[in-house]
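I kept them in the order in which I went through the chain.

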Amino acid sequence: MLSTIINLIVFIGLLWLIKAYFKRSDNLSRTVLVGLIIGVIFGGVLQLIYQIDSPVLAETINWINIVGNGYVRLLQMIVMPLVLVSILSAISRLHDASSLGKISFSVLSILLITTAISAIIGIAMTNLFHLSAEGLTSGAREIAANEKVLGRAAQLDGLTIPSMILSFIPKNPFAELTGANPTSIISVVIFSAFLGVAILSIRKKDQALSERIAQGVDTLNKLVMSLVRVVIRLTPYGVLALMTKVVATSSLTDILNLAGFVVASYLAIILMFIVHGLLLTLVKVNPLSYYQKVSPTLLFAFTSRSSAATIPLNIETQINKLGVSSAIANFSASFGATIGQNGCAGIYPAMLAVMVAPTVGIDPTSIHFLTTLVLVVTISSFGIAGVGGGATFAAIIVLSTMGLPLTLVGLLISIEPLIDMGRTALNVNGAMTAGTISSRLLRQTNESSTA
């Protein structure tokens, strides 16, 4: 008990140091980076002093989770109100409803194209490192994970792409606002879009009434955005706590045992970040300047492992730092949290499929297998839950569709958190890239915000 109290006193002291640095520098991105570095060091020290299965370490992390998971919950608290109000506000400013079709088509096209590219990169890295499911051993954790995977797969029996797309359409928008389903974010986007179209329809009949409605929505939007800014200023403290937990509870032995898969995964992720940068250059966006502006958002996505919780940061970054229009920023951030995730729905399931194919007599280098895999990965990327575990969901769908065994998903459970951090950052960057490119292509970029 005394050791836990000492650990928590040190943690509180580190939070105070972050606060002092933030107050002096008034620079969120630098403070987030400082919080991440301190979290890595503090987490490493905790694991060095205590064993990874130590009750003292577990109790310490439980208390630190109040700050880390508490911050994630605050972001999740504002996701649905933010998506509803900001999309409604953005659409009410449009001249006609046809603009919605152009925005949706552009964003979704870019998300799906980059997912296909990420799948190809994942396949290439798996073959380059000669990764295979053969020879991987399973312990108690892996066996338990496999049982969960099989249970989850049973829940997905009968799930088809059409039924998944149909689930996007909300039959009870109030239930979707509570986040009742994995695809609730998309359902709220659709509901918001219909409300926005209704406002545009009223404008044609009663200009005065539509103006009053638009003013009310705009006022509510400013209130929600003010709340978002309040929560976002807590990011450095949340990152410190989240990173402390990740480092303190990660097993170095497990990481070394699966080092090939870890390295291959991160090389694929880095290559995909480079692809995003190349795509941005096609619309005359400087990749170095872009990554400098989005780094705080990517750092939070990395530590939180939640695309959905990163939506508020994602939207604010696109609008205020990248000059993306409000409508496009909201659509790309919301769609990107559940559709076309480059890391979780692209790279990861593609790598697993190539690794497990030889165990059932399939040649993972055949053109037919690879073409089918890329197509299945791209289509299956619809509706992947934007929270930790979304990659598992994507892998189950892809492997089941390809007729491949699911055992490999459980065998990698020990290194899941480490790889999931990079995948989530890539997912979020894919959404911001889609928004930035769409804003440029549709000529809706605010150049003054991109300086």
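**Entry 1: the surface patch**

I began with L267, which I located in helix α12; helices (H or I, at least four residues) and strands (E, at least two) are taken as DSSP runs and numbered from the N terminus. The model is a predicted one, in which local features need pLDDT of at least 70 and side-chain atom pairs count only at pLDDT 80 or more, while totals for chains, interfaces and linings use all residues. I also noted that residues are numbered from 1 along each chain as its sequence is written, and that side-chain values use heavy atoms, with hydrogens and water left out.

Is L267 buried or exposed, or in between? I found L267 partly exposed, because its relative accessible area is 36%, where buried means under 20%, exposed over 50% and partly exposed in between (1.4 Å probe, protein chains only). L267 belongs to a nonpolar surface patch together with L128, F129, V263, I270, L271, I274 and L278, and together they have about 690 Å² of accessible area. Areas come from the Shrake-Rupley method with a 1.4 Å probe, and for residues only the protein chains shown count as cover. For patches, the residues must have over 30% relative accessible area and no salt bridge; like charges are joined within 9 Å and nonpolar side chains (Val, Leu, Ile, Met, Phe, Trp, Tyr) within 5 Å. Helix α12, residues 259–282, gives the most to this patch, with 6 residues.

**Entry 2: the chain as a whole**

I recorded 20 helices and 0 strands, and 54% of the 451 residues are buried. The chain exposes about 19600 Å², of which carbon and sulfur atoms supply 67%. Among contacts (heavy atoms within 4.5 Å) with a separation of 6 or more, 85% are between residues 24 or more positions apart.

**Entry 3: the nonpolar cores**

I then turned to the cores, a nonpolar core being a set of buried Ala, Val, Leu, Ile, Met, Phe, Trp, Tyr and Cys residues joined through side-chain atoms within 4.5 Å. The largest has 114 residues, and F261, F300, F331, F369 and L373 touch the most other members. Its largest share, 13 residues, comes from helix α3, residues 55–92. Apart from it lies another core, of 17 residues, including L14, I18, F22 and A248.

What does F261 touch, leaving aside residues up to four places away in sequence? I listed L131, Y348, M351, L352, M355, L412, I415 and I419.

**Entry 4: an enclosed helix**

Helix α15, residues 326–336, is largely enclosed by the rest of the structure, because 11 of its 11 residues are buried.

**Entry 5: charged side chains**

How many salt bridges does the structure hold? I counted 3, a salt bridge being a side-chain nitrogen of Lys or Arg within 4 Å of a carboxyl oxygen of Asp or Glu.

One joins D26 and R233, at 3.8 Å from N to O. This pair links distant parts of the chain, 207 residues apart, with D26 in the loop between α1 (2–25) and α2 (28–49) and R233 in the loop between α9 (207–232) and α10 (235–249). D26 counts as exposed at 56% relative accessibility, and R233 is partly exposed at 44%.

K222 and D218 form another, with their closest N and O atoms 3.7 Å apart; they lie 4 residues apart in helix α9, which means a separation of about one helical turn. K222 is exposed at 54%, whereas D218 is partly exposed at 22%.

R423 and D420 also pair, with closest N and O atoms 2.9 Å apart, and they sit 3 residues apart in helix α20 (residues 416–441), again about one helical turn. R423 is buried at 1% relative accessible area, and D420 is buried at 1% as well.

E316, in helix α14 (residues 311–320), is buried yet has no salt bridge, and the nearest side chain of opposite charge, R229, is 5.2 Å away; Lys and Arg count as positive and Asp and Glu as negative, with His and the chain ends not counted. Leaving aside residues up to four places away in sequence, E316 touches R229, I232 and K321.
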